[in-house]
Amino acid sequence: MKKLMLSCALLAAMAFSVSNLKAQSTNYKPFKVDLAFGYAVPAGSGSKGGVVFAIEPKYAVNNSLTLGLRMESALTASAIEIDGESLVGNVKATGSYLLTGDYFLKETGFRPFVGAGIGLYSLAGIEIGDEDLEIGAKTKFGFAPRVGFETGHFRTGIEYNFAGKNLGANYNYLAFKIGFFLGGGKK
């Protein structure tokens with residue numbers, strides 16, 4: 001409950017800050033929606049991989065700063081073979097709702113950025129042991145630092161999601177994403 005209250009307070013503070021800012025983007029339209037997909041690498045050992053899909057509506061506060069809400073789903077799997085006989089691993093699904101901010105290092109053309117997101121992660125997974133099978137779900141508070149660039153309506157980035165643990169399994173993952181955005185073009 002405390003995490004939900006903290007998230008609501010952060011969202012209210014961001015909304016109040018944005019409404020009080022007099023500056024607005026002079027080079028770009030203020031609203032855009034990012035659509036991205038990519039490869040997710042789960043934390044832990046063994047052979048691993050996954051996919052990630054995201055949608056992120058954003059508002060350009062000025063030419064260098066955007067604020068948004070990232071909604072993302074990641075599906076990852078890890079497996080380790082023991083003595084050539086038994087298989088130990090997991091399949092994890094992670095959904096996230098993060099308040100985000102990106103700071104662009106350049107105002108036009110090729111625009112590198114640094115950013116971060118903070119919010120809630122919904123974790124669900126199946127842990128396959130030597131003779132056991134565990135299923136669990138949980139909601140946790142987490143964050144995701146990121147870097148990348150935009151050019152035209154194309155966007156690419158790398159981010160690390162600190163999503164936490166559930167049933168002893170680590171739900172953190174590294175995401176390599178490519179995509180595009182609708183809106184937000186030059187004025």
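1. Is G152 buried or exposed? The residue counts as exposed, because its relative accessibility is 58%; the terms are buried for under 20% relative accessible area, exposed for over 50%, and partly exposed in between, with a 1.4 Å probe and protein chains only. The place of G152 is in the loop between strand 6 (133–151) and strand 7.

2. Some remarks on the basis of this note follow. The model is predicted, so that local features need pLDDT of at least 70 and side-chain atom pairs count only at pLDDT 80 or more, while totals for chains, interfaces and linings use all residues. Residues are numbered from 1 along each chain as its sequence is written, and side-chain values use heavy atoms, with hydrogens and water left out.

3. The protein chain contains one helix and ten strands. Helices (H or I, at least four residues) and strands (E, at least two) are DSSP runs, numbered from the N terminus. The order of the elements from the N terminus on is α-β-β-β-β-β-β-β-β-β-β.

4. Strand 10 (residues 173–183) pairs with strand 1 (residues 31–42) in the antiparallel sense over eleven bridges; two strands pair if DSSP finds at least two bridges between them. Within this pairing, V41 stands opposite L174 in strand 10. Strand 10 also pairs with strand 7 (residues 154–161), in the antiparallel sense, over eight bridges. There, L174 is the bridge partner of Y160, and A175 is the bridge partner of E159.

5. Strand 7 pairs with strand 6 as well, in the antiparallel sense and over six bridges. One of the opposite positions is V147, which faces I158 in strand 7. The hairpin of strand 6 and strand 7 has two residues between the strands, and in this hairpin G152 takes a positive phi near 60 degrees. The C-alpha atoms of G152 and K186 are separated by 9.0 Å, although the two residues are 34 residues apart along the chain.

6. Which residues form the largest nonpolar core? It has seven residues: L98, Y121, L123, A144, A163, A169 and Y171. Another core, of five residues, lies apart from it and includes A40, V52, Y173 and A175. A nonpolar core is a set of buried Ala, Val, Leu, Ile, Met, Phe, Trp, Tyr and Cys residues joined through side-chain atoms within 4.5 Å.

7. N90 is found in strand 4 (residues 86–104). This residue counts as buried because its relative accessibility is 12%. Leaving aside residues up to four places away in sequence, N90 touches T76, A77, S78, I126, E127 and A169, where contact means heavy atoms within 4.5 Å.

8. I178 is found in strand 10 and counts as partly exposed, because its relative accessibility is 39%. I178 belongs to a nonpolar patch on the surface, together with F37, V51, F53, L75, V91, I126, I128, L133, I135 and F154. The elements that give two or more residues to the nonpolar patch are strand 2 (47–60), strand 5 (111–128) and strand 6.

9. For the protein chain as a whole, buried residues make up 39% of the 187 residues. Among contacts between residues at least 6 apart in sequence, 60% join residues at least 24 apart.

Conventions:
Patch = residues over 30% accessible without salt bridge, like charges linked within 9 Å, V, L, I, M, F, W, Y side chains within 5 Å. Areas by Shrake-Rupley, 256 points an atom, 1.4 Å probe, with all protein chains shown as cover. Salt bridge = Lys/Arg side-chain N within 4 Å of Asp/Glu carboxyl O.
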